[in-house]
Structures are given as structure tokens and as C-alpha cells.
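User: Please take me through the sheet and the ligand surroundings of this model, with the reasoning behind each reply.

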Amino acid sequence: MIKNVVILGGGTAGWMTAAAIAKTVGTKNISLTLVESEEIGTVGVGEATIPMISLFNNVLGIDENEFIRETNATFKLGIEFCDWRKKGHSYFHPFGLLGVDMDGISFTHYWYRWMKMGGSPDYTIFNAETQAARAAKFIRTKGETGPKLMPSINYAFQFDAGRFAKYLRRFSEKLGVTRIEGKVDHVKQCEVTGNINELVLADGNSVSGDFFIDCTGFKGMLIEGVFNAGFDDWSHWLPVNKAVAAPCEAATKAVPYTKSTALEAGWKWRIPLQNRVGNGYVYCDQYISDDEAHNRFVNSLEGELLADPKILRFTTGKRKSCWEKNCLAIGLSGGFLEPLESTSIHLIQVAIAKLLAMFPREEISDVMRARFNEEMSADYDNIKDFLIAHYHVTERDDTEFWRYVRNMQIPQTLADRLEIFKARGEALVRQTELFKEVSWFSVLVGQGMMPESYHRVADAISDDELQTRLTNIRNGVKKRIEMMPEHNAFIDQHCRAK
Ligand code: FAD
């Protein structure tokens, strides 16, 4: 029987896992222990999320306003990409819907037709999230706060992941999770099965268990250190391998979106929280030295630094298998795709959801383990292709870095998708993929890839009818934005941190 579950690592991954197991499986029939080392610390970055995080909070039954106050969060409606297609150009990848799908086809086909008729290239006039983001407005229509008839706006959060982990620690400890402070030195394995039996701490104490969750960050102390699971290195497609990061003072008006600006050897993020702005320059050290990156980063900041910039190193890719024997890796120990579309915390959530669905009972099933590994691999793969597209589909050729990513050989799966998109305006998204048609549309069209044709159904209505429908949709978006309060005013009213 699996009775003692041990989580090694207390970063965002460790505490999200502990909280989710404690809340759902409970601590009545299993014991749940988390070991972490303050001396080692956490990666200390990770501020932008995607809308699915609300599902995680809902499963835990967390009050959203309390969560926002505790983590100094702001709302996030999408990402603005500046200088990615070419210098001086920007586009928006919004959460939420673009226009309204009609006659069984995506709205985008009507927009392509409209473009051929001389319509506005700014597709975001049909998307409420972008318009709200640009106007720094926000409303939450679920619960008690919004006019009942207004369609819901899609949002995520920009937050302090360190404070989130602390919040989840309190939450988990209340539900019976035992926390042990200490540095694991080595493990003891069963000689027959190879399973881990015990974590042995540097102080000589040990923690025994039946099932171990490796949340030790990049090094993957158990999944790699003990089981040599192997790593699919994707740096030839996603070459950035370092980030220099530091917070700066809060903006007077925190905007509800993340900004990503392409630089000479990568890109920089700007993520406004309630009490500070998170910043980082993600770069490839083959194309820029650490000193140059540091200087470029510091000189590009809009506000006083609140801490010394620190450099983080990483390799983009994923563990070949995240579940080996009685050890499952969640978080950075399972892989890292770089923070471009804020998918890491989401991948933690995905792994937790799969673990809960397949939670081991009497013994660990090889079939379940294989299924988990296969599904996680597919999730990483799909996101990987989407991220590569951001770099590859560009007009930039002003530095060696951009020339490399523009001309590099891309995965066949992505090449096929781009070919179809270019010819037909369809991204061929599978149901299980995280990024849907609107996301692919926003990024590919935003980066300058205009399809050559559109769906024939979009030609079935007259020009006048098309114009009327689009005008109605556009006016609907405008009206919604007019009714929304300022993003800051909304936070003041409902969830300002004390
Ligand atoms: P860590 O935070 O590294 O935690 C590891 C834990 O393991 C720590 O508690 C440590 O003490 C413990 N540990 C390790 N070894 C031992 C040992 N021997 N004994 C005891 N304890 C041990 N994600 C997003 O979703 N959005 C973002 O915007 C985003 N931005 C990022 C920017 C950068 C530059 C980077 C590098 C990452 C970013 N991420 C982002 C990813 C995000 O930071 C991580 O996914 C998240 O913080 C989870 O990290 P973790 O818990 O897996 O690892």
C-alpha cells in the first residue's frame, strides 16, 4: 500500500503538490511529508501565469481576493510582444476569444476575408481582453463583482510565486502536511526493486516513504540524480540559457498584462505586481556576455531597482520520463521551456492533475506510469512548438541570435503546421493542446505570417452582411470596455494587499 508520500522540495512545485494532495486525497489515510532546505532556497522567479491557474485555486477552495492580497497579484489579460516581428512593431497575444465563431468556422476566416477587402490589420479590436489591457481596465464578471449580463473576461494573475508557496505552506500544514527542514544528502534504495526507501539528511536523520515526489528544481535530485531519467535538450530550438532578473519599484498604474520585448540576444519581461515590477532579460550566452546582458538589462529598466540583479542558468528541454519507479518529478525537475508564454506553473498544475487522477494505490502500475510519461511528454512537445514559432517566424535579422533562430531547422511537427497555416489559415490544433487556434493566430499573424486563403464558408455571406456582423462584434467589445472600471480601481475595491 502507498501510505507515506514524501515531497522533496518546497518551491512553487513542492507546495502546490502538497496542497493539492492534502486537499483532495487528504491526510487521513496517507501521511504527507515535505522536506525542504532554506539554505538551498528556491529559484525565486516565476510571476506570470495563464488562466488555468484559477482552476487550481478553485480545487483548493481558495478565496480569490485573499489569494491576490497574499501574493501581491495583479490581473493578467495577455502578453504584449514588442519588437518580435521587427523593431518598432508590437502585437498582443490575448487570453479569451477573438470575435465570434460563425457558421461552424473560426472567426479568423471572416477576418482574413475582411483583410482582403481592405479591413483593419488590428485584429485585437475584436478581442475584449486586449482592449481592456490597453485601456488598463478590468472586471471580473463571475461571483459578486460584475454586471450579470456581461460576458466573462478571461484572466490570469501576475503574482509573487514565493509568497504563493508560503501561502500554500500554511494551507497545507493546516491540512496535516508535515514539513521537515533539512538538506537531503543521499537516498537509500531497495536492492530488489530499485525503489527509493529513504531520504537521508545531512544531519543524519532520515525520512522514509513509499512514494517520492521530486520537486528539487533544475537538478532533479531524485529523477536524474538517482534514476538517470535523461533529458531531451531543446537548446538548438530554444537557445536562451540564462536570465538576469531583478524587481524594480512599482509602476504608478499597474497594467493588466505582461510585456515581452525582443532584445539582441533574447527578450526581456516586464510584469507589474501590486508592490513591484518583475523584470528579467532572458538571453543566450553564445551571443552576449553576462556583463553585456547585465548592462543592457539595467539600462532598459523603467524604475529604480529594488534588489541586485541575479543571474539564473537553465537548459530548455524536458526530462525523458518524469515518473521512474516510485519517484515522480514535478516542476523544474521535470523540465523547463523558458518563460516566454508563462507555462511553467501551468505545467506543474498539469502534472499534479495527472498525478491525482492516477494516484497510486496498492502498488505502482507500469501502465499508469507509462501513460503519465507519455501525456506529460506530449504537453511539453506542444508548448515547445508554440514557443519556437515566436522566434522562427520573424523578420528580424539584425543580430546573430535572430539570424540563427530565423534560419534554424525547426521540428517537423511545427514545419507542417506552419505550412498549413500559411496556405489555409488553420493551425490544426488538437483538443489536448494548451494553446488553441486564437493563440496560434495571434502569434503567427502578429509576427507577420498572413495566410494565402481562408475557409470557403466565409465567402457565403455578402460584403454588407460581413461588414454588419464585424461592426456589431466590434461595438460589443467597445461597450464592454466602456463599462469596465480601471484595473487599479478594481484592485483597490476588492483585493489590494495591505
Ligand atoms: P525551485 O523553486 O528551485 O524549488 C526547489 C526546492 O527544492 C527548494 O525548496 C529547495 O530548497 C529544494 N531542494 C533542492 N535540493 C534539495 C535538497 N538536497 N534537500 C532539501 N531540499 C532541496 N514560471 C511561470 O509559470 N511563469 C513565469 O513567469 C516564470 N518565469 C521564470 C523565469 C525564469 C528566468 C525562470 C528560470 C523560471 C521561470 N518560471 C516561470 C518557472 C518557475 O520559476 C518555476 O516553474 C517554479 O518556481 C517552480 O520551481 P520548482 O519548485 O520546481 O523549483
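Predicted model: local features only at pLDDT ≥ 70, side-chain atom pairs only at ≥ 80, totals over all residues.

User: Which strands are the edge strands of the open sheet of 7 strands?

Analyst: The open sheet has mixed pairing and runs in the order E5-E4-E14-E15-E16-E13-E17, with a twist that averages 20° from one strand to the next.

User: Which residue in E5 stands opposite Glu80?

Analyst: Strand E4, which covers residues 78-82, runs antiparallel to E5 and is joined to it by 5 bridges. Within this pairing, the residue in E5 that stands opposite Glu80 is Phe92.

User: Which helix packs on the sheet by touching E4 and E5?

Analyst: Helix H7 (residues 290-299) also packs on the sheet, but the strands it touches are E13, E14, E15, E16 and E17, and its direction makes about 145° with that of E16. The helix that touches E4 and E5 spans residues 437-446, and its direction makes about 175° with that of E5; this is helix H12.

User: Which element gives the most to the shell around the ligand?

Analyst: The ligand is surrounded by 38 residues, the closest being Gly9, Gly11, Gly46, Gly217 and Gly331, and the shell divides into 18 nonpolar, 17 polar and 3 charged residues. Domain 1 and domain 2 each supply at least three residues to the shell. The elements that give two or more residues are helix H1 (12-24), strand E2 (31-36), E13 and helix H8 (344-357), and the one that gives the most, with 3 residues, is H1.

Notes
Residues numbered from 1 in each chain as written. Pairing = 2+ DSSP bridges. Helix = DSSP H or I, 4+ residues; strand = E, 2+ residues; numbered from the N terminus. Axes fitted to C-alpha atoms, helices over the stretch in contact; angles between N-to-C directions. Contact = placed C-beta atoms within 7 Å. Near = placed C-beta within 6 Å. Nonpolar A, V, L, I, M, F, W, Y, C, P; charged D, E, K, R; others polar. Domains from an automatic or database assignment.
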